Amino acid sequence: MQDKNDFTRNKRFSFKQIAAKLNFSSLTSALLAILLGLIFGFFVMLFAMPANALAGFRYIAFGGFSRLGDVFYFATPILMTGLSVGFAFKMGLFNIGASGQYTMGMFFALYAGFMWDLPNGIHWIAAVLAGMVGGMLWGFIPGFFKALLNVNEVITSIMFNYIGMYLVDMWVRGSSTMYNSTITRTNYLPQSAQIPSLGITGSNVNYGIVLAILIGIILHIVLQKTTFGYELKATGYNKHAAEYAGMKGKTNIIITMMIAGALSGLGGAFMILAPSGIPGSSMTYEPVNIIAANGFNGIAVALLGNSNPIGIIFSALFISHLQRGGTLTNLVGYKPEIIDVVIAIIIYFSAFAMIMNAAIGEFIKKRIKKTDSDIIEDTTEELNVTDASNNNSKEAE
Amino acid sequence: MEKYIIEMINITKVFPGIVANDNITLRLKKGEIHALLGENGAGKSTLMSVLFGLYQPDGGEIRKNGEVVHINNPNDANDLGIGMVHQHFKLVEIFTVLDNIILGVEPSKMGFIQKKEAREKVLKLSEKYGLKIDPDAVIEDITVGMQQRVEILKMLYRENEILIFDEPTAVLTPQEISELLQTMRNFANEGKSILFITHKLNEIMAVADRCTVLRKGKLVGTVDVKDTTKEELSRMMVGRDVSFRVEKKEKKPGEVVLSVRNLSVPSKTHKKDAVKNVSFDIRSGEIVCIAGIDGNGQTELVGAITGLEKASGGRIFLNGKDITKATIRKRSIEGISHIPEDRHKHGLVLDYKLEENLVLQRYWQPEFQSKGFIKFDAVRKYANKLIDKFDIRSGQGPITIARSMSGGNQQKAIIAREIDKKHDLLVAVQPTRGLDVGAIEYVHKQLVETRDAGKAVLLVSFELDEVMNVSDRILVMYEGEIVGDLDPKKVTVQELGLYMSGAKRDQLKEINDAG
């Protein structure tokens, strides 16, 4: 009987309890991780150039606020690849192939932008969708191999990063419509293929970021509210139980990888289809046989966002903010390479601290609980005695 | 005053939402076997974890030989001579037996492991206590019984004198159990002190000197086993009288629900079939029990019926429909409910909330889903209904994370889900494994009620008591074949044992082939 009473009492407070718990384990530890990362990054800057470290660090931490448009623009692709990695991770798949999917998506978008002749207002939408299809295709392949032949998706998607990158560079160089060999970059895209600008002067920020944030919110709803999300998470947590419950594990693996690929592909499309501040120009791609860094940054973004789509939106903005601020530090004499190192350190330190969040959270919870129980113990005399003896014995140690 | 080797005095341990140990005192004498008895979630494991240094108590103290000691981690416990055999073994699966035993205390010279001395010491111990092992076998290849002997040797190798056994018999066959109990006796005669966590009353009566009973985190009392009875112990543990007999009416078998014909299922561990050309029928309104020693093809047979494994030959019919090649989901819709053998691996998504687990088989039905969106209101309502109806207890009701629930309540959740789902056949594999008498009584009652409601029940069990008491018919499996179709009212336990060990078999095969 007593149990039942407890249960109703708990139920009344449960909402508060859960809210407190959730806040703690994700948001607080993310903030803590970021703080640790920043401190560590500052030490590296101090080591590299002690005199200007403070000024440089101020740029990294606050410089982004003066270039908010760019922060949002550069956040778009890593937000998409972050969502891609995070979404696959919810199902227990490690999509390290975000780079290849991103590059493929970018190429499909370029192709649609150059080769298709469509009216204004429709052309860019078609190009974005083409990018999505490109990424989807590149996500489908590792998913297919994983589901049907049980080939580890990490290996396949690493290989397809290279295959995708070399194919795209080959195709780009081979097309005289796309490629301009004198500047060794792609030509300017027609105006109609560019995503409409948000109208902030001096910045490329466009509707891409709005769409990306919207997609993040939709993913959150899919994961939390739908049967597909329920199956996906169940499979990620315990694939044996998912099989036992009759979920179609293989189909779900393929669908998840296709969605993850589509997200990365959209990232590539959003990046390349951005409008340029200078009329008559556009973003260009230089085929130099390098794997797109935005794909790997997506892993850090997803880690820092704890694979939660809403968290990923914020972590992408944060990392973009650091990167934009970082570019300003050469004003006080930091070489761009050092800044890349510092930012990488902040990002990865934060991300790794995030992985440790369980340990850190536990530590802080313990501290809080200790003070709580002290208060409780003060109120009852009987317990005070045991408490005192405990303290004594601790002091004796 | 008597001399105690270990005293745990007024131990209190609080977890969020629950007091796991409330002011518990336990005193262990040197050279005794002290049983610790309680239902699931009574706080036995928590108390032992406190002693072994895995948890820090919120109140109370531990004394060894009268002196207060602080046990901050298992290493401290080991230094004090406390060793533990966990319910789920802590062994490195890909290491050999010898490597596992010396792990952490490897004898070494200049950084090189001296395995030769270690091997001699291990073999000597193994011989002395009759704990048969092969030091070079790899853990994942050996039987559960041998793995347990490795765990015991680990404690002996470390020269522990206080041995904690956490439900050691849950995974053993009847023969292995009697061997283990004898080993424990030998330890005690030699002056080692043993704490024996269990909820099997027979074992306590057979081997223990004293018994401490916990109920819902509180101490009920400590009694001398020779002055008490099974009935009294179970009353102390559960707080009411428990019947060991399963009450049930005469069976009224109806139509054939499940019909298995010449079924063969390949084995995962060897090249031969694990199930060989098996045929049988189960009718509505009867409980058919597959008896046999673990590893004689029961798991594979159930896998083929529920769809987790593929048959290599033969047919399976449910209500006359051929389901041999149907998907798991299809079989579930057609009316198979399945209480799986391993509730953590198959039965639950441990990181999901209780309510999410309760709809694991039904989340896609229109009742809980519309246009791909889960109706969480309906899920919550349904979960509360099941929680009430099946008395599932948890810290926070429907939103409790399944992982944080006690084993018995996890099992109740699975049973609630599977029984409440529309079904004609209930497949229950070891549904009472690791449960206490109160929960076992509950599970048996549910099985009988399911039968009385006109469903067919296929029960797989290794517990002879369960086989004899619950079932209406017994099919004995030996080496992948059914060697006996017995009536529990007519067969004796001894006879059943002969069938299970392959010493006796009926001439059923021809009959089945004809049918």
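Trainee: What do the buried residues of α17(B) pack against?

Mentor: This is a predicted model, and in it they pack against α16 (464-470), β23 (473-478) and β24 (481-486) of chain B. Contact requires heavy atoms within 4.5 Å.

Trainee: Which residues of helix α17 of chain B are called buried?

Mentor: In this helix, residues 493-500, they are B:L496, B:Y499 and B:M500. The label asks for under 20% relative accessible area, so B:L496, B:Y499 and B:M500 each fall below that cut-off.

Trainee: Why do you say that they line one face of the helix?

Mentor: Look down the axis of α17(B): the buried residues lie within an arc of 100°, so one face of the helix is lined by them. After the helix comes B:G502, with a positive phi near 85°.

Trainee: Happy with that! What are the domains of chain B?

Mentor: Domain 1 covers 4-238, domain 2 covers 244-335 + 423-515, and domain 3 covers 344-421. The bounds come from an automatic or database domain assignment.

Trainee: How do you know that domain 2 and domain 3 of chain B are in contact?

Mentor: By the 4.5 Å cut-off between heavy atoms, 13 residues of domain 2 of chain B touch 13 residues of domain 3 of chain B. The two domains bury about 1,100 Å² between them, with 62% of it on carbon and sulfur atoms. On the domain 2 side, B:R329, B:H423 and B:Y442 lose the most area to domain 3, together 42% of what that side buries.

Trainee: How many salt bridges and polar contacts does that domain interface have?

Mentor: The salt-bridge count between domain 2 and domain 3 of chain B is zero. Five residue pairs, both at pLDDT 80 or more, are in polar contact. On the side of domain 2 that touches domain 3, the largest share, four residues, comes from α15(B).

Trainee: And what makes up the interface between chain A and chain B?

Mentor: Chain A gives 31 residues and chain B gives 35 residues. About 3,000 Å² is buried between these chains, 56% of it from carbon and sulfur atoms. The salt-bridge rule finds zero here, while 16 residue pairs, both at pLDDT 80 or more, are in polar contact.

How values were computed: Residues are numbered from 1 along each chain as its sequence is written. Chains are lettered from A and ligands numbered from 1 in the order in which they are written. This is a predicted model: local features need pLDDT of at least 70, side-chain atom pairs count only at pLDDT 80 or more; totals for chains, interfaces and linings use all residues. Side-chain values use heavy atoms; hydrogens and water are left out. Buried means under 20% relative accessible area, exposed over 50%, partly exposed in between (1.4 Å probe, protein chains only). Helices (H or I, at least four residues) and strands (E, at least two) are DSSP runs, numbered from the N terminus. The arc is that of the directions from the helix axis to the C-beta atoms. Buried area is the accessible area (1.4 Å probe) that two parts lose on being put together, summed over both. A salt bridge is a side-chain nitrogen of Lys or Arg within 4 Å of a carboxyl oxygen of Asp or Glu. A polar contact is a pair of N or O atoms within 3.5 Å; within protein, one must be able to donate a hydrogen and the other to accept it, and residues adjacent in sequence count only if both atoms are side-chain atoms.
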